[in-house]
Amino acid sequence: MAALLDVRGLKAGYGAGQVLHGIDFALEDGGIAAILGANGAGKTTTLRAVCNMVRSAGEVRLSGERIDGVATEDIVRRGVAHVPDGRGTFAHLTVEENLRLGAYTSRDKAAVAAGLDTAYGYFPRLAERRRQQAGTLSGGEQQMLAISRALMLRPRLLLLDEPSFGLAPLIVEEIFAIMRKINREQKVAILLVEQNAGLALALASHAYLLETGRLVISGPAAEIRRDESIRRSYLGY
Amino acid sequence: MEAFWHQVFSGLAAGGVYASLALALVMIYQATHLVNFAQGEMAMFSTYIAWALIQAGLPYWAAFFLTLGIAFAGGIVIERVVIRPLAGSSVLAVVIVFIGLLVIFNAMAGWIFSYIVKTFPSPFPAAAPFGNKYIGSHELGVIAVTLIVLVLLYLFFRHTKLGLAMRAAAENPVSSRLVGIRVGWMLALGWGLAAAVGAVAGMMVAPIVFLDPNMMSGILLYAFAGALLGGIDNPAGAVFGGFAVGVLENLIGAFVIGNELKLSVALALIVGVLVVRPQGLFGQRLVTRV
Amino acid sequence: MHDSTLKRAVTLSGAQRPGKERMLLIAAVLLVACVLPLLLPNYRIFQLTLAMIYAVALLGLNMLTGYNGQISLGHGAFYAIGAYVAAILMDKFDVPYWATLPAAGLVCLVVGFLFGLPALRLEGLYLALATFALAVATPQLLKYKLIDDWTGGVQGIVIIKPDAPFDLPLNPDQWLYYFTLAVTVVMFVLGWNLLRGRIGRALVAIRDHPIAAETMGINAALYKSLTFGVSAMYTGIAGALGAIVVQFVAPDSFTVFLSISLLVGVVVGGLASIWGAVFGGLFTQFIPNVADSISKAAPWAIYGVVLIACMYLMPDGIAGGVRRLWLRLRSRTNR
């Protein structure tokens with residue numbers, strides 16, 4: 001089966017520095033994969049490179065079509081939603097305005113309305129705060145908003161950058177449970193970058209471990225979870 | 001007392017012009033964190049275009065709206081061709097280019113239309129409404145037009161998808177790209193709208209100060225003062241600032257220091273606001289990045 | 001793109017130890033400058049004098065904006081102050097023309113420093129805005145009724161052109177040329193000394209790395225305000241000279257377009273470059289000659305286009321272009 005996302009030899013960097021030194025990974029339709037690694041390993045850069053937000057080289061294929069070099073806005077229009085680190089919410093706009101922006105590329109008013117209902121369905125707290133300025137929401141609520149906004153696009157692929165960052169464990173569990181639900185119900189493939197390896201491995205079916213811009217381990221998540229030596233040396237638990 | 005109210009009302013009318021131009025300045029500032037020094041000259045040049053259309057035989061309102069369209073298109077072209085390539089340049093480089101634009105528009109107006117002062121028609125009747133002694137028809141018309149423009153812009157930005165996208169692009173370009181917004185075109189649209197609003201200001205003030213290439217330099221100063229007073233990143237604040245400056249300038253000019261020094265009031269306001277409270281009355285705290 | 005080129009312009013600026021070739025070049029230029037007024041008609045001498053005056057004003061502005069990174073769109077105001085100080089002293093107090101220069105310089109030094117103090121709180125764009133406002137308001141300030149008796153109001157003040165001293169066989173235009181040349185050389189030597197040493201490096205450090213400069217013990221606030229003062233002083237002295245040479249000061253000679261033409265001169269001549277001031281002076285004086293025949297507006301249209309074109313194509317101005325040419329020629333002859 002052809003992969004939804006197929007990345008070969010991805011290099012990327014900022015300014016004069018090089019962060020990624022040529023990595024390969026893939027994700028099939030409806031699958032969930034995690035990219036793990038320590039701070040500075042290049043995880044966030046990987047997601048940014050897939051969306052062409054940083055200077056990068058290599059081949060990135062979405063359902064067989066090359067998207068490396070394509071403008072970020074156009075990659076998004078092909079069904080790739082990216083929830084960046086720091087959530088990227090529009091702080092001065094309301095919750096509902098943020099969600100509507102998620103559906104910016106859609107012309108179908110009914111679909112947009114349905115999308116809003118779905119989002120409020122997954123995250124009732126957002127419905128309560130729909131006219132509030134997004135910047136006044138708590139960290140957890142902003143993460144819910146960010147994910148919902150990404151889903152408004154009806155993406156085939158959802159890129160999530162450190163969804164657990166700065167959030168209380170209970171909220172994180174809630175969010176991860178909903179992500180599992182979204183993946184099952186809407187058949188959205190998820191590429192997840194996480195520092196919290198335990199959570200990520202519980203959700204993902206496949207995992208990749210980055211160290212200073214290179215892929216050192218790749219395999220089924222269940223195996224990596226079982227392997228104590230990997231867990232101790234690379235994942236810290 | 002009559003003199004006082006007369007000054008207040010004509011101050012409001014002048015303030016309407018300043019508020020419109022200030023709004024144009026703020027629109028560009030919000031999207032780009034840049035102050036368009038050339039806004040006044042662009043408005044002046046648009047007014048000359050309107051004049052030429054009227055000379056060619058077009059009825060006033062047809063010329064008015066056609067000029068708005070031309071100004072809109074011109075703003076977009078300028079952003080795409082002149083301003084876009086400067087993204088990421090130093091402040092000095094951008095300021096220099098703005099001054100260059102200012103000079104070009106001023107020179108083009110003088111070259112094409114000559115420096116001879118011209119009259120520009122007002123679409124409003126000559127007689128004061130109901131024969132009152134406080135406010136003339138044109139002044140009332142200017143206030144009305146300014147308010148209509150403001151309401152239209154407000155509705156556009158708050159209640160349309162495109163307006164929402166423009167606000168998003170100004171606030172957070174990176175996140176905007178991630179929802180598929182073409183940020184570059186949003187900037188261009190912002191310039192187009194700002195140019196059109198500036199054209200309105202020019203066409204409203206020309207009947208009062210008469211049309212000549214240097215008509216807008218003082219007005220631009222008042223618009224700067226108004227925008228800074230209200231808050232350079234706050235559209236409603238800028239509008240308030242524009243009206244406030246109009247009234248203040250008239251009152252101070254008439255009763256305190258005399259009409260010849262009115263521009264220094266603007267200068268004092270600008271320097272004062274920048275030194276004492278740079279975010280103005282309603283703007284957000286500006287963080288100087290280290 | 002533009003930032004790095006602007007920064008490169010500083011390191012390649014003329015404020016370095018002069019090599020032998022450079023000294024020869026300067027000597028040659030001075031020789032030509034001394035001989036010219038004996039050969040040219042009065043009108044050309046007048047123009048060259050103005051070009052030198054402009055060069056002094058541009059050196060002042062360049063110190064502030066090119067080397068120290070403080071954007072001033074209002075230096076025309078200091079030029080005006082210098083001009084009026086000279087005119088008032090000569091007209092009302094019979095002060096000899098040469099004595100008005102230090103007076104104008106001193107007044108502008110103080111005013112500039114005082115303006116530099118609140119300017120410390122204004123970053124880039126806002127300083128540009130404030131100085132722009134100053135430039136626009138200047139003519140109105142000069143026309144103020146209360147100081148009419150001194151300034152001559154809208155009509156301004158007329159000054160008599162001084163004759164050559166000691167009965168030298170020079171007409172007034174030639175004499176003023178030599179006088180200006182002497183003042184210009186003095187100002188440039190002083191400026192070159194200031195800018196090539198510690199002070200110049202400190203100015204550039206403050207421009208490019210303000211925080212680092214502070215940690216290295218440079219009192220940025222003092223330097224910046226002083227630079228404003230010195231820069232105003234240069235432009236003020238130029239203004240005084242200008243008043244004497246043109247024999248006339250009036251408010252409408254000092255509009256915002258004067259400040260803009262100073263900016264054009266600095267940018268086209270070359271930011272952060274001493275030679276740039278010379279090129280800029282020549283450019284701003286002689287372009288109107290060429291362009292005036294086309295239309296009254298043509299010089300300004302050219303200024304505008306040139307300003308924008310410079311930012312895209314030649315951010316370090318003529319001086320930068322000349323420098324690059326010079327280096328290329330040298331490397332070719334050294335082979």
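**Figure 1. Leu36(A) stands opposite Glu194(A) of strand E8(A).** The model is predicted.

**Figure 2. Strand E7(A) pairs with strand E8(A).** E7(A) spans residues 157-161. Its pairing with E8(A) is parallel and takes five bridges. Look for Leu158(A): its bridge partner in E8(A) is Ile190(A). E7(A), helix H7(A) (residues 169-186) and E8(A) make a β-α-β unit. The unit is right-handed.

**Figure 3. Strand E8(A) is mostly covered.** The strand covers residues 189-194 of chain A. Six of its six residues are buried. Which residues lie on each face of E8(A)? One side carries Ala189(A), Leu191(A) and Val193(A). The other carries Ile190(A), Leu192(A) and Glu194(A). Both faces are covered.

**Figure 4. Chain A meets chain B.** On chain A, 16 residues take part; on chain B, 14 residues do. Helices H2 (72-77) and H3 (95-102) of chain A each supply at least two residues to the side that touches chain B.

**Figure 5. Two pairs of chains are in contact.** Of these pairs, chains B and C share the most contacts. Chain A and chain C have no contact joining them. Their closest C-alpha atoms lie 13 Å apart.

**Figure 6. Chain B is built from eleven helices and zero strands.** Along the sequence, the pattern reads α-α-α-α-α-α-α-α-α-α-α. The radius of gyration of chain B is 19 Å, close to the 19 Å that the globule rule gives for 290 residues, so chain B is as compact as a globular protein of that length. The C-alpha atoms fill a box of roughly 60 × 50 × 35 Å along the principal axes. Buried residues account for 56% of the 290 residues in chain B. Among contacts in chain B with a separation of 6 or more, 74% join residues 24 or more positions apart.

Conventions:
Residues numbered from 1 in each chain as written. Chains lettered and ligands numbered in written order. Predicted model: local features only at pLDDT ≥ 70, side-chain atom pairs only at ≥ 80, totals over all residues. Contact = placed C-beta atoms within 7 Å. Helix = DSSP H or I, 4+ residues; strand = E, 2+ residues; numbered from the N terminus. Rg over C-alpha atoms; globule rule 2.2 N^0.38 Å. Buried ≥ 20, exposed ≤ 12 C-beta atoms within 10 Å, placed from the backbone. Pairing = 2+ DSSP bridges. Right-handed = clockwise from strand over helix to strand, strands pointing away.
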